[in-house]
Structure formats: C-alpha cells, structure tokens
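Subject: Structure for your review

Dear colleague,

Please find below the structure that I am handing over to you. My notes on it follow directly after.

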Amino acid sequence: MAPPLTARVQLLLLRAAGFLIGLIGQVARAFGGPKFHSRTTGPVSEPLLLLSGIQLAKLIRQRKVKCVDVVQAYINRIKDVNPMINGIVKYRFEEARKEAHAVDERLAEKLEDEATLEKKWPFLGVPLTVKEAFQLQGMPNSSGLVNRRDAISKSDATVVALLKEAGAIPIGITNCSELCMWYESSNKIYGRSNNPYDLQHIVGGSSGGEGCTLAAACSVIGVGSDIGGSIRMPAFFNGIFGHKPSPGVVPNQGQFPMPGEAQEIFQCTGPMCRYAEDLIPMLRVMAGPGIKKLKLDAKVHLRHLKFYWMEHDGGSLLMSKVEQDLILAQRKEPMKFVDLLGDHGKPISPLWELIKWCLGLSVYTIPSIGLALLEEKLKYNKEKCKKFKAVEESLHKELVEMLGDDGVFLYPSHPTVAPKHHVPLTRPFNFAYTGVFNALGLPVTQCPLGLNAKGLPLGIQVVAGPFNDHLTLAVAQYLEKSFGGWVCPGKI
C-alpha cells in the first residue's frame, strides 16, 4: 500500500473543500412538505426485487421468469412505497406492461439462443427509472421548473435510447432539485423526496429521486447526471452505487438544462444502481461509441493497486482562496443560472423573487433564488479566471501524476450522513467533497459501506486517473463483497 497523500496535495485538497464548506453561515430555513415520524420504508418480501439487473435479464432470457412478472413486482412495490418517498413523479406502468408482454412473446418464439439475446439485449426486460431532467418520450421534462410544467419529451435522451435498445423497460421518471442545482430534491412541481432509511432526512440532489427510488427497491437500475456530485451525493445518502465517468465518455444530449460550452466538461451522465455488478454493463451501454475511451476489459488485480486516502478535508476553518479559485475556474463564461430560471424568456430579479418568496408568492425554491443571488455577487474578470484556472490545472497535474494508471484515491462522499430536510440551507457548499472531482475531470465511484448506528447509509468515493474508470469499478465490487453493499431499508 502506498503512503498517504503528499503534503502539497493534502493542502490543496484541504483548501479546495474547506473554503466552500465554511463560506456561508446559518440562513433561514425553508419549511413545508409533509411531516413524518422517524421511520423507514418497509422491507422487501418479493425475491425478484432482490436481484441485480443482469441477474434479472439472465432469468428472463432463460425463460425462467416472465418479464411481465418482473415488471409487475416493481409496480407493486412502487405503489406500496412511493407515496412515502415521492421518488417517482410520473408513472409509466401501462406502457411498461405492454413492453414486458412483447418481450415474453418474442422469447416464446425462440428465434434467438441465449448468447445472441445477451449480446443484443443485455438488459432485456429489466425495469429502469430515469431522472426527470432527461428526455423520455411522452413523459414530462421540466427539471422541476414551474415555467416548464407542461414540457413533454418528444424523443429520448441519447442514454435513455441506448438503454431501451439494450432491452431495459422504463417504468417511471424520478424527482430532482429545481434545475438540478441543489442537493435536496424538492421543487414546486413535484414536491420533496424523502429518504427511505428515515423519511425525515434528505435524498440528496440533484438525482435524489433516482437515489431514493433505487434504495427503496422501486427500481434496479437508473440514469443520473452529475455536475457537482448529483449522482454521488444521492447514491451516498441512499446507500447505493453511483458512477461519475471520465468526461466525454457518456453522451449528455437530451437533458434539461444542458450545460453551456464552458460547463460541458464538468457535466457527466452515469449509471446508478443497487448492485455493483450492474455498473460496468450499464456503462458499456450508456457510453455507446465512447466506451472505446475506457479499458473496461482490462483485468484489475487489487493487490497491485496503489491506494491513497484522506479521512477529511480539515473542517470549515480552512477558508483559503484556493477553494474559491477551484470553483471560479469552472465558471469561464458559463450560462447564467438566472437565465435558466427564466427559461430564457422574461428575465427575473433574484432579489425581487426573494421578497416574493418571503410572502409565499414566488414560483421558485429558496435554494434556486439563493444561487441566483450568489451568482450576481461572484463576478470576476478574465485575468482572475486565468489565475483560477492555473490553480485547478496545478492540482489536476499533481493528482494525475500521483495516481498514474494503477492508483486509486479514497475520499469521503460527504462530511455527514444524510442530513434532515432543510439542513443543506445551512451548509450550502458541502457539495465540495464531490464537486472538486468534477472540476478535476476524474472518474469517481460512490460505494455504500453499510449503515451507521442510526440506520443511515455510509459510503466512500473511489477516484482514479483520467479514463481509468475500470479501477474504481473494480474496487466498488470488492467493497460490496467486503461491506455487504446495499442494505434494504427497514431490514431488521
């Protein structure tokens, strides 16, 4: 095992997370939504819900299980549990049943052998959920923005189309934060999602509906997107697996909002799932031609890997300029968030919306209004941007050289387990633990590590050098075997 991080890398990372975590103090909390006693969703009794996606596909291909029975088992679970967690915001049950029936009919004809079926449709008949921000034909695509409540997708996002072509059957779309820019999934269209391990706690964001839906066994594989931790934070808070691929591997087309040109390198679409063995097959499908950039067929021997680690970022007292440098380096002529709130129509005034919100009249959530106000304050010039970019490139260079092609870095997914609802408003920059790796363009897999004494999920991020996704995914499978992976909520 290699020694811990060098002092310089530690210092840069400490600064890179510390400043954001301590920048904003206590702010007024936003109240609302249903009140629950501390409780979890019920345990799973249907065995089909406890199989991975590739296991289900195999049973369906072998005609040992009917696809309609698999889909119906998930529909039954959703009806029982989703009213508590509000993870799925629009059902697709009738279409899913018809597509499942078509799978069973095709299999009954015995036109292809099992090997051919696996090659053509690796996820044949497997239920799939999709973050609402992605286009799924015939389904809403608002990203929680009231101005887009009537927006209906006329086609599929690229990754959704690829998964459907691989045989997956969408059963619904899942909640997200307003415009996918906050780490609690709540908005004025669909309301708030709740953590299946404790309904008084958050699910994370922006792919939070996807995270809690998977964790509650209402789905087995799902689609998420990540520009600052939006796959990994929900995966961590809900005790599942989530992978942020190396940039440029998985296509981002077909989601709203689409990042501007300067932000595109930070946005990554990736898989979310309960079982580690689904990560690589999902990534193969979702990447399409981009899969050639990775080395997923390379054999990974964990005993030959170099492991680096960092237990924490040093806390909120390290308010260094470096963290601000890293964040602002991501903002070279980006699309303005305030323009997205207006959906590129009539411009809005963040201050006026704040006043309206205090009177209960704004159609926007307080995190979105706060972000728009912050955006107005964080103005910079090109010279500062060049300086910030230099800091980012320095850290990137040192980490990449340290990790090489045979190193992984273990880093906390978040400074706390899933907090209670509204608490993120008091710690708005805790996303720095995940966001730093979007800025650095490195592949990261969030891995569950069981539950704490209060029954909330624990986890860790596994980071590797550019396009070494196969290393983090191999470690994910090892950690699942060692720590047990996903734990069903409500399990005694």
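Of the 492 residues in the chain, 58% count as buried. Please bear in mind throughout that this is a predicted model. The chain has 16 helices and 12 strands. Among its contacts between residues at least 6 apart in sequence, 78% join residues at least 24 apart.

I begin with the nonpolar cores. The largest one has 92 residues, and those with the most contacts inside it are Val71, Ile221, Val223, Val408 and Trp486. Helix H3 (residues 67–85) gives the most to this core, contributing 10 residues. A second, separate core has 15 residues, including Leu399, Met402, Tyr433 and Val436.

Leaving out residues up to four places away in sequence, Trp486 touches Leu50, Tyr197, Leu214, Ala215, Ala217, Gly239, Ile240, Arg274, Tyr275 and Pro448.

One of these partners, Arg274, lies in the loop between E8 and H9. Is Arg274 buried or exposed? Its relative accessibility is 0%, so Arg274 counts as buried. The contacts of Arg274, again without residues up to four places away in sequence, are with Leu49, Leu50, Tyr74, Leu214, Ala217, Ser219, Val220, Ile240, Phe241, Glu480 and Trp486. Two of these partners also take part in polar interactions with the Arg274 side chain: the side chain of Tyr74 makes a polar contact with it at 2.8 Å, and the backbone oxygen of Leu214 lies 3.1 Å from one of its polar atoms. Arg274 and Gly53 are 221 residues apart in sequence, yet their C-alpha atoms are 9.0 Å apart in space.

Leu214 leads on to helix H7, where it is one of the buried residues. H7 is mostly covered, with eight of its eight residues buried. They are Gly208, Gly209, Glu210, Gly211, Cys212, Thr213, Leu214 and Ala215. Just after H7, Ala217 takes a positive phi of about 65°.

The loop between strand E5 (191–192) and helix H7 (208–215) holds Ser206, which is joined to Gly205 by a cis peptide bond with omega of about 10°. Asn195 is found in the loop between E5 and H7 as well. With a relative accessible area of 0%, Asn195 is buried. Its side chain reaches the backbone oxygen of Ile202 at 2.9 Å. Apart from neighbours within four places in sequence, Asn195 is in contact with His201, Ile202, Val203, Phe237, Asn238 and Ala418.

A further cis peptide bond runs from Phe256 to Pro257, with omega near 0°. Pro257 is found in the loop between strand E7 (241–244) and strand E8 (268–273).

Helix H15 (residues 432–440) is another enclosed element. Nine of its nine residues are buried, so H15 is largely enclosed by the rest of the structure. These residues are Ala432, Tyr433, Thr434, Gly435, Val436, Phe437, Asn438, Ala439 and Leu440. Tyr433 and Val436 also belong to the second core mentioned above. Just after H15, Gly441 takes a positive phi of about 70°.

His422, with a value of about 80°, is found in the loop between strand E10 (407–411) and H15. Phe467, with a value of about 65°, lies in the loop between strand E12 (457–464) and H16.

The last item is a helix pair. Helix H9 (residues 279–287) packs against helix H16 (residues 469–483) at an angle of about 150°, with the axes 10 Å apart. Angles over 145 degrees count as roughly antiparallel, and H9 and H16 are therefore roughly antiparallel to each other. Leu279, Ile280 and Leu283 of H9 meet Leu473, Ala476 and Gln477 of H16 in this contact. By class, the contact has five nonpolar residues, one polar residue and no charged residues.

Yours sincerely

Technical notes. Residues numbered from 1 in each chain as written. Heavy atoms only, no water. Buried < 20%, exposed > 50% of the residue type's maximum accessible area, 1.4 Å probe, protein only. Helix = DSSP H or I, 4+ residues; strand = E, 2+ residues; numbered from the N terminus. Core = buried A, V, L, I, M, F, W, Y, C linked by side-chain atoms within 4.5 Å. Contact = heavy atoms within 4.5 Å. Axes fitted to C-alpha atoms, helices over the stretch in contact; angles between N-to-C directions. Parallel < 35°, antiparallel > 145°, perpendicular 65-115°, else oblique. Nonpolar A, V, L, I, M, F, W, Y, C, P; charged D, E, K, R; others polar. Polar contact = N/O pair within 3.5 Å; in protein donor to acceptor, adjacent residues only side chain to side chain.
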